[in-house]
Structure formats: C-alpha cells, structure tokens
Amino acid sequence: MPLIQAHSASPFSTEKKRQLLAALTATYAEVMEIRPDTIRVILHELPRENWSVGGITLADSGQNESV
C-alpha cells in the first residue's frame with residue numbers, strides 16, 4: 001500500500017485540499033500503474049511559525065500565503 005506524504009505551511013480551503021489529494025492519487029496511480037484505491041495520502045499542515053526559509057519563519061518573513 002503506497003503512502004504519499006505532503007507538507008504545507010500555507011492554509012488552503014477544503015476544496016483545494018480535495019483537489020490536491022485527488023491529483024496526487026491519480027498521478028501516482030497512473031505512473032505506477034496501480035489502482036487508486038490502494039494509495040494513501042497524508043497532508044501535514046504546519047503553522048507558518050514552524051517553517052522557515054533562511055532561518056526566518058514564514059510567519060515573520062512577510063511572504064504571502066501562497067508561498
């Protein structure tokens with residue numbers, strides 16, 4: 001049973017998450033030539049203060065939410 005894990009520091013709507021999870025599943029199934037119902041996907045959403053680039057948290061960096 002394949003397991004895909006994705007990490008995100010930006011909050012997304014439930015609809016965007018559904019689209020992402022479906023696309024990850026469909027792509028993996030197509031490339032690996034397996035049934036989609038055998039694939040598990042976990043989306044880890046991290047607070048922006050727990051993610052940094054160059055030692056500066058995304059919360060403190062002023063980068064917009066889409067980064």
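Guide: The term pLDDT denotes the predictor's confidence in each residue, on a scale from 0 to 100. The structure above is a predicted model.

Visitor: What is the mean pLDDT of the protein?
Guide: The mean is 91, and 94% of the residues reach 70 or more.

Visitor: Which elements have the lowest and the highest mean pLDDT?
Guide: Strand S3, residues 52–53, has the lowest value among the elements, at 90. H1 has the highest, at 97.

Visitor: What follows H1?
Guide: Glu 33 follows the helix. This residue has a phi near 55°, a positive value in a residue other than glycine.

Visitor: Where does Glu 33 lie, and is this residue buried or exposed?
Guide: Glu 33 belongs to the loop between H1 and S2. Its relative accessible area is 73%, and the residue therefore counts as exposed, the cut-off being over 50%.

Visitor: Now the charged side chains. How many salt bridges does the count give?
Guide: The count comes to three.

Visitor: Which residue forms a salt bridge with Glu 15?
Guide: The partner is Arg 18, with 3.8 Å between the closest N and O atoms. Both residues lie in helix H1, which covers residues 14–32, and they are three residues apart, about one turn of the helix.

Visitor: How accessible are Glu 15 and Arg 18?
Guide: Glu 15 is partly exposed, at 41% relative accessible area. Arg 18 is exposed, at 53%.

Visitor: Which side chain meets Lys 17 in a salt bridge?
Guide: Lys 17 pairs with Glu 45, at 3.0 Å from N to O. This pair links distant parts of the chain, as Lys 17 sits in helix H1 and Glu 45 in strand S2 (residues 40–45), 28 residues apart.

Visitor: What is the relative accessible area of Lys 17, and what is the relative accessibility of Glu 45?
Guide: The value for Lys 17 is 22%, so this residue is partly exposed. Glu 45, at 42%, also counts as partly exposed.

Visitor: And which side chain meets Asp 37 in a salt bridge?
Guide: Asp 37 meets Arg 35, with an N to O distance of 2.9 Å. Arg 35 has a relative accessibility of 54% and counts as exposed.

Visitor: A change of topic: Ser 8. Where is this residue found?
Guide: Ser 8 is part of strand S1, residues 3–8.

Visitor: Is Ser 8 buried or exposed?
Guide: Ser 8 is buried, because its relative accessibility of 11% falls under the 20% cut-off.

Visitor: With which residues is Ser 8 in contact, leaving aside neighbours within four places in sequence?
Guide: Ser 8 is in contact with Leu 43, His 44, Glu 45, Leu 46 and Trp 51. Glu 45 is also the residue whose side chain forms a salt bridge with Lys 17.

Visitor: Finally, what is the place of Gly 62?
Guide: Gly 62 is located in the segment after helix H2, which comprises 58–61. With 66% relative accessibility, Gly 62 counts as exposed.

Visitor: What distance separates the C-alpha atoms of Gly 62 and Thr 25?
Guide: These C-alpha atoms are 32 Å apart, and the two residues are separated by 37 residues along the chain.

How values were computed
Residues are numbered from 1 along each chain as its sequence is written. This is a predicted model: local features need pLDDT of at least 70, side-chain atom pairs count only at pLDDT 80 or more; totals for chains, interfaces and linings use all residues. Side-chain values use heavy atoms; hydrogens and water are left out. A salt bridge is a side-chain nitrogen of Lys or Arg within 4 Å of a carboxyl oxygen of Asp or Glu. Helices (H or I, at least four residues) and strands (E, at least two) are DSSP runs, numbered from the N terminus. Buried means under 20% relative accessible area, exposed over 50%, partly exposed in between (1.4 Å probe, protein chains only). Contact means heavy atoms within 4.5 Å.
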